[in-house]
Amino acid sequence: MGPTDVPLAVWIGISALFGLVIGSFLNVVIHRWPRGESIVFPGSHCGSCDAPVRPYDNIPVVSYLLLGGKCRSCGQSFSVRYPAVELLTGVLFAMACVVDGPSLKLVFDCLFIAMVIPLVFIDADVRLLPSAITVPGLAFAFVSALVVPKLVGMSPKIGGGGFALGLGASPDWYVSLVNAAAGATLGGGLLFVLGVAYEVVRKREGMGLGDVSMMCFVGAYLGWELTLLTILLASIVGSVVGVAAARGRRIDEFQVPFGVFLGIGAIISLLAGTRILAWYLGLMN
Ligand SMILES: [Zn+2]
């Protein structure tokens with residue numbers, strides 16, 4: 001009995017459950033990393049009365065609903081963001097399973113999602129993108145490129161990236177590694193240039209090295225073409241949200257956590273990027 005004998009719906013359910021559990025762990029990372037606390041020890045405890053969260057009160061989403069979002073000991077309300085992050089991770093893992101099916105690619109894509117989510121929330125909270133995630137993430141992206149070759153944007157046909165780089169006769173794993181290197185260079189390089197341009201125009205620092213290293217990691221994972229799409233999507237979403245949030249205020253006062261939008265763009269590109277590109281190229285022809 002192989003993985004294809006089990007209905008896809010079952011795999012989607014399993015992926016969602018994994019996502020809920022991983023999401024619960026990501027909450028710990030998101031909450032503790034900015035405070036410099038260990039993500040392993042001590043176990044979860046109430047931020048108000050310090051009572052440890054019992055294992056049966058630590059079931060993703062379910063416990064939150066059963067306890068009405070309150071601590072069992074002191075009745076302090078927990079943020080709705082805890083179950084929201086769990087649910088988000090579960091939904092994204094399930095969507096990745098719909099796209100990938102049960103495969104090694106699914107495992108890598110879920111790990112990628114599990115690294116992007118804390119980047120998004122930590123950047124939103126404290127305007128930092130931890131290199132503790134982005135640097136190992138870059139290494140992870142290259143391993144992934146080698147194990148599950150990524151060839152989006154690397155077609156050996158005329159006009160494709162593989163053709164332009166003279167890789168028409170190269171093995172997939174090699175083309176995939178070149179794609180990862182190109183994505184990292186393009187992603188990090190573009191963010192660096194954008195950061196410098198912002199500083200020159202606004203006379204203040206906008207995007208930091210965190211954004212550059214995040215896009216090296218994301219770029220290496222997605223390859224050059226989906227990296228361009230990620231930055232485009234991030235700019236669109238960021239502009240819309242930025243304009244909405246800056247209404248009635250001087251725009252300078254609104255410091256945009258661009259990593260949030262890069263993360264949203266990266267996950268859209270991961271799950272729907274090839275369809276978006278195909279749709280766009282269809283419009284052109
Ligand atoms: Zn409590």
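**Two domains**

Begin with the whole chain: the centres of domain 1 and domain 2, taken over C-alpha atoms, are 26 Å apart. Colour 1-102 as domain 1 and 103-285 as domain 2; these bounds come from an automatic or database domain assignment. This is a predicted model: local features need pLDDT of at least 70, side-chain atom pairs count only at pLDDT 80 or more, and totals for chains, interfaces and linings use all residues. Residues are numbered from 1 along each chain as its sequence is written.

**Where the domains meet**

Domain 1 puts 18 residues into the contact, and domain 2 puts in 17 residues. Contact here requires C-beta atoms, placed from the backbone, within 7 Å. On the domain 1 side, select α1 (8-32) and α3 (81-100), the elements that give two or more residues. Helices are DSSP runs (H or I, at least four residues), numbered from the N terminus. α3 gives the most, with 10 residues. By type, this side of domain 1 has 15 nonpolar, 2 polar and 1 charged. Nonpolar covers Ala, Val, Leu, Ile, Met, Phe, Trp, Tyr, Cys and Pro; charged covers Asp, Glu, Lys and Arg; the others, Gly among them, are polar.

**The largest nonpolar core**

Next, show I113, V116, I117 and A220, which touch the most other members of this 66-residue core. A nonpolar core is a set of buried Ala, Val, Leu, Ile, Met, Phe, Trp, Tyr and Cys residues joined through C-beta atoms within 7 Å. α4 (104-126) supplies the largest share, 13 residues. Now centre on I113. Beyond residues up to four places away in sequence, I113 touches L92, F93, A96 and I267.

**Helix α8**

Select 209-222. Helix α8 has 14 residues and reaches 20 Å from first C-alpha to last, close to the 20 Å expected at 1.5 Å a residue. The expected span is 1.5 Å times one less than the number of residues. Of its 14 residues, 13 are buried, so α8 is largely enclosed by the rest of the structure. Buried means 20 or more other C-beta atoms within 10 Å; exposed means 12 or fewer; partly exposed is in between. Step on to G223, which follows α8 and has a positive phi, near 85°.

**Last stop: S73**

Find S73 in the loop between α2 (62-66) and α3. S73 is partly exposed, with 16 other C-beta atoms within 10 Å. Leaving aside neighbours within four places in sequence, S73 is in contact with C46, C49 and A51.

Note on methods. Two residues are in contact if their C-beta atoms, placed from the backbone, lie within 7 Å.
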